Amino acid sequence: MFAAQKISSKKIIGYMLFAYVLGTGSIYSQKIPSWDKAVLPQSIANGYFLDVFFLPTNQQFGWACGFDGHIAITTDGGNVWNASIIQGKPFLESIHFVDSMHGFTSGPGGVYRTIDGGISWTNITSFINMSQIWGCYFVD
């Protein structure tokens, strides 16, 4: 005959964790993601970027925007970046593209549109108080 023994909830949790680790091999067996430093063109390399956007339908195309009108552009998933600078050095907080050619960026510095993938930008600001504008999202 066996005597009943009280087992604390901490011990039960410990046994369960041990069984999980034993069954999976290790809780650290999964590959840990790593980051690579993006090499930016010299003209924007020291910029401060506030937003990045990759096309959901083709993640090879991506853009980043930030201070001084700096736009970084990639067409190969982030391996190589090119520069575009909006004249007047606007402060840009948000960037969004509807396809690989048509996009918008905005912030207190204004709202800008591109139809050539981000190489050139047109100011389309029509708001009186731009300090209240943050973010952009366009469907077409």
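Reader: Is aspartate 68 buried, partly exposed or exposed?

Author: Aspartate 68 has a relative accessible area of 38% in this predicted model, so the residue counts as partly exposed. The two limits are 20% and 50%: buried is under the one, exposed is over the other, and partly exposed is in between.

Reader: Where is aspartate 68 found?

Author: Aspartate 68 sits in the loop between β2 and β3.

Reader: What is phi of aspartate 68 near?

Author: Start with the general idea. A negative phi is what most residues other than glycine have. In this model, aspartate 68 has a phi near 60°, which is positive although the residue is not glycine.

Reader: Which value is phi of lysine 89 near?

Author: Lysine 89, also not a glycine, has a positive phi near 55°. Lysine 89 belongs to the loop between β4 and β5. Its relative accessible area is 58%, so lysine 89 is exposed.

Reader: In what order do the strands of the open sheet with β1 stand?

Author: The general idea is that strands of a sheet are paired by backbone hydrogen bonds, in a parallel or an antiparallel way. Here, the order of the four strands in this open sheet is β1-β2-β3-β4, and they pair in the antiparallel sense. At its edges are β1 (49–54) and β4 (82–85), and each of these pairs on one side only. From one strand to the next, the twist averages 20°.

Reader: How many bridges are there between strand β2 and strand β3?

Author: Four bridges pair strand β2 (residues 62–66) with strand β3 (residues 70–74), in the antiparallel sense. Across this pair, tryptophan 63 is opposite isoleucine 73 of β3.

Reader: Is histidine 70 buried or exposed?

Author: Histidine 70 is part of strand β3. Its relative accessibility is 11%, so histidine 70 counts as buried. When neighbours within four places in sequence are left aside, the residues in contact with histidine 70 are Ser43, Ile44, Gly47, Phe49, Ala64, Cys65, Ser84 and Ile85. For the protein as a whole, 28% of the 140 residues count as buried.

Reader: What order has the open sheet that includes β5?

Author: This open sheet of four strands runs β5-β6-β7-β8 in order, and its pairing is antiparallel. The edges are held by β5 (94–97) and β8 (122–123); each has a single partner strand, so one side of each has no neighbour in the sheet. Strand β7 (residues 110–114) is joined to β8 by two bridges, and the two run antiparallel. Arginine 113 faces threonine 122 of β8 across the pairing.

Reader: How many Å³ of space lie in the largest pocket?

Author: Empty space is found by rolling a probe with the size of a water molecule over the atoms. In this model, the largest pocket holds about 230 Å³ of space. Its lining consists of Ser34, Trp35, Asp36, Lys37, Ala38, Phe54, Gly77, Gly78 and Trp81. Four of the lining residues are nonpolar, three are polar and two are charged.

Reader: What percentage of contacts between residues at least 6 apart in sequence join residues at least 24 apart?

Author: For contacts in the protein between residues at least 6 apart in sequence, 37% join residues at least 24 apart.

Conventions
Residues numbered from 1 in each chain as written. Predicted model: local features only at pLDDT ≥ 70, side-chain atom pairs only at ≥ 80, totals over all residues. Heavy atoms only, no water. Pairing = 2+ DSSP bridges. Axes fitted to C-alpha atoms, helices over the stretch in contact; angles between N-to-C directions. 1 Å grid on protein atoms, 1.4 Å probe; cavity = no way out; pocket = protein on both sides within 12 Å on 5 of 7 lines; lining within 4 Å. Points joined across faces, edges and corners; volume = space filled by probe spheres on them. Nonpolar A, V, L, I, M, F, W, Y, C, P; charged D, E, K, R; others polar. Buried < 20%, exposed > 50% of the residue type's maximum accessible area, 1.4 Å probe, protein only. Contact = heavy atoms within 4.5 Å.
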